[in-house]
Amino acid sequence: MDDHVKEIGRLQAAECARKLKDHNFDADYFETGAEAVEYLKKNIAEGSSISVGGSMTLSELGILDWLTGNPHYNFLDRYHTDDVQKVFRDTFSADVYLMSSNAVTLDGCLYNVDGNGNRVAALIFGPKKVYVICGVNKIVPTLDDAITRVQQIAAPANNVRLNKPNPCTQLGHCVKCVKDTSICNQFVVTRRSGQKGRIHVLLINEELGY
């Protein structure tokens, strides 16, 4: 992004962070992904049990590489296991959950669409602390815009990534299919963090994930 676009990102992230805090979330802004990752490394205590939701953002930031095989944490590794369902269930008692969000609205809400439901379930309840890590490309004006963003960008891109035989992989946009292979099964709006500060949103002035 050029400097002018980055300035718009800063302004939008500042407004979004203020609204998130009004809704009982914690929220912080980082100019770069590297700064956000360094923040996580400093603030997640060694010995913590950590689980993650499926996320291109986490992958792009190198967070999965950092956690995999790391002896300083108990990483509930969904990617190297013979029983992923057990990992999903164990996640509810984890100290820390890391994920991204499909969209964050300027008025301070999170919007997520999920396939299995494990990601949104952990966001809602279970892990003691949830970090939601988002590039400024995820910030949208309204909930309607969040829905459109998922239908036009996030859902088709994730279907292509996962090699799903769904219509959006051919059309490039959602047609609200009801196929057995659909990954758009749970639609969740998180308007407010019921426990103050449990959900901590990290906004990064970069384009990350879908």
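Colleague: Buried means under 20% relative accessible area, exposed over 50% and partly exposed in between, with a 1.4 Å probe and protein chains only. So is D114 buried or exposed?

Modeller: D114 counts as buried, at 9% relative accessibility. Before you go on, this is a predicted model: local features need pLDDT of at least 70, side-chain atom pairs count only at pLDDT 80 or more, and totals for chains, interfaces and linings use all residues. Residues are numbered from 1 along each chain as its sequence is written, and side-chain values use heavy atoms, with hydrogens and water left out.

Colleague: Fine. Which strand holds D114?

Modeller: β6, residues 110-114. Strands (E, at least two residues) and helices (H or I, at least four) are DSSP runs numbered from the N terminus.

Colleague: And what does D114 touch?

Modeller: Leaving aside neighbours within four places in sequence, R119, V120, I183, C184, N185 and Q186; contact here means heavy atoms within 4.5 Å. The D114 side chain also reaches the backbone nitrogen of V120 at 3.2 Å. That's a polar contact, i.e. a pair of N or O atoms within 3.5 Å; within protein, one must be able to donate a hydrogen and the other to accept it, and residues adjacent in sequence count only if both atoms are side-chain atoms.

Colleague: What sheet is β6 in?

Modeller: An open one of 4 strands, ordered β8-β5-β6-β9, with mixed pairing. β8 (139-140) and β9 (186-190) are at the edges with a single partner strand each, so one side of each has no neighbour in the sheet. Strands pair if DSSP finds at least two bridges between them.

Colleague: How many bridges between β6 and β9?

Modeller: 5, in the antiparallel sense. N112 sits opposite V188 of β9.

Colleague: Which helix lies across that sheet's strands?

Modeller: α7 (residues 143-161) lies across β5 (103-105), β6, β8 and β9, at about 30° to β6. Axes are lines fitted to C-alpha atoms, for helices over the stretch in contact, and angles run from 0 to 180 degrees between N-to-C directions.

Colleague: Switching to α1. Which residues are buried there?

Modeller: K6, G9, A13, C16, A17 and L20. They sit on the same side of α1, because they cover an arc of only 105° around the axis, taken from the directions from the helix axis to the C-beta atoms.

Colleague: What do they pack against?

Modeller: β1 (26-30), β5, β6, β8 and β10 (199-204). The face turned away from that buried side carries the exposed H4, R18 and D22.

Colleague: What happens at the two ends of α1?

Modeller: At the start, a side-chain oxygen of D2 comes to within 3.1 Å of the backbone nitrogen of H4. After the helix comes N24, with a positive phi near 80°.

Colleague: New topic: what about S51?

Modeller: S51 is in β2 (residues 49-52) and counts as buried at 2% relative accessibility. Its side chain makes a 2.6 Å polar contact with that of T91.

Colleague: Last one, K129. Buried or exposed?

Modeller: Buried, with a relative accessible area of 19%. K129 lies in β7 (residues 129-135). Not counting residues up to four places away in sequence, K129 touches D26, D95, V96, Y97, G197, R198 and H200.
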